[in-house]
Amino acid sequence: MTYPVVETVQRDGICNELIMPARISESLAARAEALAVSIAEDIDATGILAVELFVTGSDQILVNELAARPHNSGHATIDATTTSQFENHLRAVLDWPLGSVAMRSAAAATVNLLGGPAPADLAVNLPLALQDPSVHVHLYDKWQSPGRKIGHVTALADSPDAALRSARAAADRLMRT
């Protein structure tokens with residue numbers, strides 16, 4: 001069983017955005033899923049195995065990282081799928097039946113919240129971020145410092161681009177100083 005293939009946008013070595021499902025062809029997504037399943041079977045993985053891949057300009061798939069745990073990309077599954085990576089990881093380790101990985105909407109996007117040069121007033125800004133009913137905000141109760149991940153925003157929508165616009169707008173409203 002695999003979660004939908006996701007697309008991430010990295011800046012300065014940090015995952016800033018995630019789009020689910022990835023904006024790639026169905027055949028490329030199927031190849032990525034088949035490679036991930038093959039790796040999981042070859043190493044006899046139990047629980048979640050996040051397989052981070054790169055796609056070259058010629059659609060060659062390269063393996064970058066394996067994580068035998070919920071990955072940063074797993075945060076989107078809290079709101080975007082019927083059963084999150086976190087819950088299914090526990091179910092698998094406990095040998096319980098796995099939950100559905102079906103998406104709750106056609107698309108989802110997550111924007112990670114990173115501390116800036118000046119701390120954002122999250123308590124004041126949270127209602128502004130929640131103006132869009134498709135948005136889910138998760139704050140980690142961490143001290144804000146430049147570049148530190150302090151939370152994430154996930155938006156559900158009918159298309160990846162619409163979800164990304166909503167998540168970005170909510171994150172921008174939340175992170176105002």
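## A core, a sheet and the helices around them

Let's start in the middle: the largest nonpolar core has 20 residues, and L113, L122, V135, V153, V137, L174 and M175 are the ones that touch the most other members. A nonpolar core here is a set of buried Ala, Val, Leu, Ile, Met, Phe, Trp, Tyr and Cys residues joined through side-chain atoms within 4.5 Å. "Buried" means under 20% relative accessible area, "exposed" means over 50%, and "partly exposed" is in between, with a 1.4 Å probe and protein chains only. At least two residues of this core come from each of β5, α4, β6, β7 and α5. The top contributor is α5, which gives six residues.

Before going on, two notes on what you're looking at. This is a predicted model, where local features need pLDDT of at least 70 and side-chain atom pairs count only at pLDDT 80 or more, while totals for chains, interfaces and linings use all residues. Residues are numbered from 1 along each chain as its sequence is written, and side-chain values use heavy atoms, with hydrogens and water left out.

### The sheet

Helices (H or I, at least four residues) and strands (E, at least two) are DSSP runs, numbered from the N terminus. Two strands pair if DSSP finds at least two bridges between them. With that in hand, there is an open, antiparallel sheet of five strands, in the order β1-β2-β5-β7-β6. At its edges stand β1 (7-11) and β6 (135-139), each with a single partner strand, so one side of each has no neighbour in the sheet. On average, neighbouring strands in this sheet are turned by 15° against each other, direction ignored; such angles come from axes fitted as lines to C-alpha atoms, for helices over the stretch in contact, and run from 0 to 180 degrees between N-to-C directions.

Strand β7 (residues 149-157) has β5 (residues 107-114) as an antiparallel partner, over eight bridges. Within that pairing, A109 has A155 as its bridge partner, and L113 sits opposite G151. There is also an antiparallel pairing of β7 with β6, joined by five bridges. How enclosed is β7? Nine of its nine residues are buried, so the rest of the structure largely encloses this strand.

V135 counts as buried because its relative accessibility is 7%. Setting aside residues up to four places away in sequence, V135 touches A129, L130, V153, T154, A155, S166 and A170, where contact means heavy atoms within 4.5 Å.

A50 faces A67 in β4.

### The helices

Helix α5 (residues 160-174) lies across β2 (14-20), β5, β6 and β7, and runs at about 25° to β5. Its buried residues include A163, L164, S166 and A167, and the buried residues of this helix pack against β2, β5, α4 (122-129), β6 and β7.

Over in α3 (residues 85-93), the buried residues are Q85, N88, H89 and A92. They cover an arc of only 105° around the axis, so they are on the same side of α3; the arc is that of the directions from the helix axis to the C-beta atoms. One of the elements covering them is α2 (77-80). After α3 comes D95, with a positive phi near 60°.

### Two loop residues

T83 lies in the loop between α2 and α3, and L94 in the loop between α3 and β5. Is each of them buried or partly exposed? T83, at 4% relative accessibility, counts as buried, whereas L94, at 45%, counts as partly exposed. Beyond four places in sequence, the contacts of T83 are Y3, T77, N88, R91, G99 and S100.

Finally, here are two pairs with their C-alpha distances.

| Pair | Separation in sequence | C-alpha distance |
|---|---|---|
| V135 and S166 | 31 residues | 7.2 Å |
| L94 and H71 | 23 residues | 19 Å |
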